[in-house]
Structure formats: structure tokens, C-alpha cells
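Visitor: Please show me the model, and then I will ask about parts of it.

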Amino acid sequence: MSRGRDQPQAPSLRSSGARRYVRKDPTPAILGGPPLFADPLFLTRPILPDEADFDALMRRVFASSWLTNNGEVLLELEKRLRLRLGVEECAAVCNGTIALQIALRSLVEEGEVVTTPFTFPATVHAILWNGLQPVFCDIDPDTYNLDARGVEAVVSERTRALLPVHVFGNPCDVEAFGKLAAQTGLRLVYDAAHAFGVFARGRPIGTWGDLSVFSFHATKLFHCAEGGAIVGADPEAFRRIGLLRNFGIVGEEEVEGLGTNGKMSELHASLALLVLDRVSDEIKARQRRYDLYAERLSRLGGVKFQARAPDAVHNSAYCAIQIDPQQFGLNRDQLHAALRAENIFARKYFWPLCSTNEPYRRLPSARPELLPNASRVAARILCLPLHGRMSEEQVNCIVDRIETIHAVAPAVARAAVH
Ligand SMILES: *Cc1c(COP(=O)(O)O)cnc(C)c1O
């Protein structure tokens, strides 16, 4: 599998569909110029292994006729993930949402779970799906993570667990949450869907809290098309997780309790093994592109980057910028529209806030006045394309174009629908 360790190939500007940058006529497409890119430049592209390597693994799987249920490839994947993630226990499952549901179910039977509104809907859905009550709490305006002091203030005698998210892979204040959980006897589960390969305060991210949950969806840094994992250290919790993942079945003729089907197939585990060979190169490639964005864009008035934890190893999975409409001259939606006209597919993650969606908007904790930071960040946030298959030249072209759009902001504001 040595080919799997090849550097991800950055396609040339031309072959990836990028129209040559016209320096003489940089009229933004929203004002009638030609789009910067002939084909869409997406937010992310999945790591893809060598097809021949995948075929070879598929031959092995087919020869065994064993397609799921604790197959050989799954066991190998779980072993490699334990090493890569620096954790004692790892249960691979069919997706990150089921991972959240099973993780919560293994620890919490009833009551309230405190979480963030600034996340992907799955975080909050998993709480309600399990028959628990989500309670929203505001985020820190700079790190975008749940604010630990705010969480302390909303914990009540009904609270059973905390579910913070390491937003865009930026570690939460793990020490504050750990201390709060220890003092109050609450369970602590991290949604680490974005945080593959991250370290916080010298420790692998999955070693904090009772359990951490990863998503291996195709849009995530590490993926296997659809998949996820629960990691932690308590063998007793992982015995329960193993049962919950497989219908509660303990033996051929015995079901111990409630369970679901959370299993990962051998086909998905095979893809995961091959993608795992390439994830370190992908992190390095994203890091370089992130640094380039940050170095150039943070010089622009009204563009702010996420405040990343200083004592952490980051994975640079996402490049999220905040647009201050007064300083930048355009609001986030206007910049988003201008970029879309250029065929640049930036995304408004996480807009709208989960607390403004059904079925949560009428919860007492969902009131916007209780969530001022989350509301402001959600209205200003924009994730820019970032993945190892885009070239650094493409990053420079995008930044050049954002500078131009900024320079002619009043005209763009008139042209944008918002
Ligand atoms: C992607 C994501 C999930 C859900 O994972 P799936 O594998 O898509 O089910 C949960 N939480 C967060 C923060 C995510 O970004």
C-alpha cells in the first residue's frame, strides 16, 4: 500500500477547471466580468485512495464473503484508529449521527443535555432523538466553542450531560469542561466530528471527557463516504456501546437490552483504511493553504479568523472567516453571493443556528437574546474552499478576488440580491 502514501496531487489551475486569472480586467463576475473559475470550486473534496489499492482490498473482502459484523477489516481499522487517535477504546459505526446517539445512550437515560446552537443539526437532533432535552448555551465570540462559564450558569438539577463541539476542529476549553463535569457529576461527551487528529494541551483530543464522537462523512477531513466512531477509555462503556451498535444482542439466543444497527460494513472500513494512509498529507496540505488564507486575508479590514487554542495541534480542516459588515463594506451574504458568481462555493457554516430551527425554536433556551454571540457569529461566518486538491495558486486567486470585491464594495452591494 505504499502508493497510498503519495502526496495528494494538486491539479494545475488549468486542468482543475480554473479559468486563467485576468489581471488586466479583474471585474467581479457579479458586476459582469467573467467568473474566476470555469467550474465550481467546492468547499471540500474527499481524500480518494488509489483505485487499484481499493480493488485489491475489495478482492480480499469478496474472497472472505464477510461483508459486515465485526469483520477483519473493521477490526484492523479500529486498531489503527486507536493508534492514530491515541485512545484506548474505539468503536467504528455507520455514521457520526448514530455515533452521537449511541454515545449518549450509553451514558444518559433521561434529563437535560447542555449543548451549543452553533453546530451541525445532528448534534442537537441526537439529544432529542434519544428522548433527552437539549438546553442551548451561548458560545465564545472568538473561538466559536461553548462558553464554559455560560454552561455552568445553565446547569440545573435536571442536567445529566454536556455535549460541547470542537467547532471547525478548534479544541474547546477541555480543562474547564472536565472540571465542571467532575464537580457536578455530569457526563461529558464531545462532538469531535471536525477534530480528527487534533491535540489539546498535549493530549489527543479523544482522551478528553467520557467519550468523543467522530464523523467520517465524505465531507469530513478523514472519511469513508459514510461512517463515524466513538472513542474513549472506559471498557465498561465500550461493552455497552458494542451492544447498542448491534441490536443489544449478546449471544445467538439472547438480547440484553435496547440496541440499534450502528455497524460499519467491510466496504466502508476498507475505504477508511486507505484514506487513513493519506490523512496526514491532507492535513499538511490544508495547513499550508489555511496559513496562506490567514496571512493574506487577515490584513483586510473586516475579516476575522477563528481564535484557535494556542496550546493545541490543529488539523486546519476548515477555513472560517467572519465578515464585519461595517468594516468590510459588504455583509456575509453579499460576499457569499459575489463569490458564488465567481464559481467559488463558500458555505455559511453554521447558519441558520440550530436554536432557530424546528423543533427547537420554541425552547426557553433558544431565545436569540440568550444567544447573542452565536447569533452574531452565525450571521457573519463564511467557510472558504479548503482541501488538498486545490492548489496554493487557487488560494491566491481567491484572495485576490476577495480583495477586488472589497475594493469595489459599494457596487457589489448594489448588485447583490441581499
Ligand atoms: C458532520 C457532523 C455530524 C454528523 O455526522 P454524520 O457522519 O454526517 O452523521 C455531527 N456533528 C457535527 C458537528 C458535524 O459536523
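**Strands, a helix and a loop**

Guide: Isoleucine 321 has leucine 382 as its bridge partner in E15. This is a predicted model, where local features need pLDDT of at least 70, side-chain atom pairs count only at pLDDT 80 or more, and totals for chains, interfaces and linings use all residues. Residues are numbered from 1 along each chain as its sequence is written, and side-chain values use heavy atoms, with hydrogens and water left out.

Visitor: In which sense do E14 and E15 pair, and over how many bridges?

Guide: Strands (E, at least two residues) and helices (H or I, at least four) are DSSP runs, numbered from the N terminus. Two strands pair if DSSP finds at least two bridges between them. For E14 and E15 the sense is antiparallel, and the number of bridges is four.

Visitor: How many residues of strand E14 are buried?

Guide: Buried means under 20% relative accessible area, with a 1.4 Å probe and protein chains only. Cys319, Ile321 and Ile323 point one way from E14, while Ala320 and Gln322 point the other way, and all are buried. E14 (residues 319–323) is therefore largely enclosed by the rest of the structure, the buried count being five of the five.

Visitor: Is threonine 119 buried or exposed?

Guide: Threonine 119 sits in the loop between strand E2 (112–115) and helix H4 (121–129). Because its relative accessibility is 3%, threonine 119 counts as buried.

Visitor: Which side chain does the side chain of threonine 119 join in a polar contact?

Guide: A polar contact is a pair of N or O atoms within 3.5 Å; within protein, one must be able to donate a hydrogen and the other to accept it, and residues adjacent in sequence count only if both atoms are side-chain atoms. At 2.7 Å, the partner of threonine 119 is threonine 123.

Terms used
Buried < 20%, exposed > 50% of the residue type's maximum accessible area, 1.4 Å probe, protein only.
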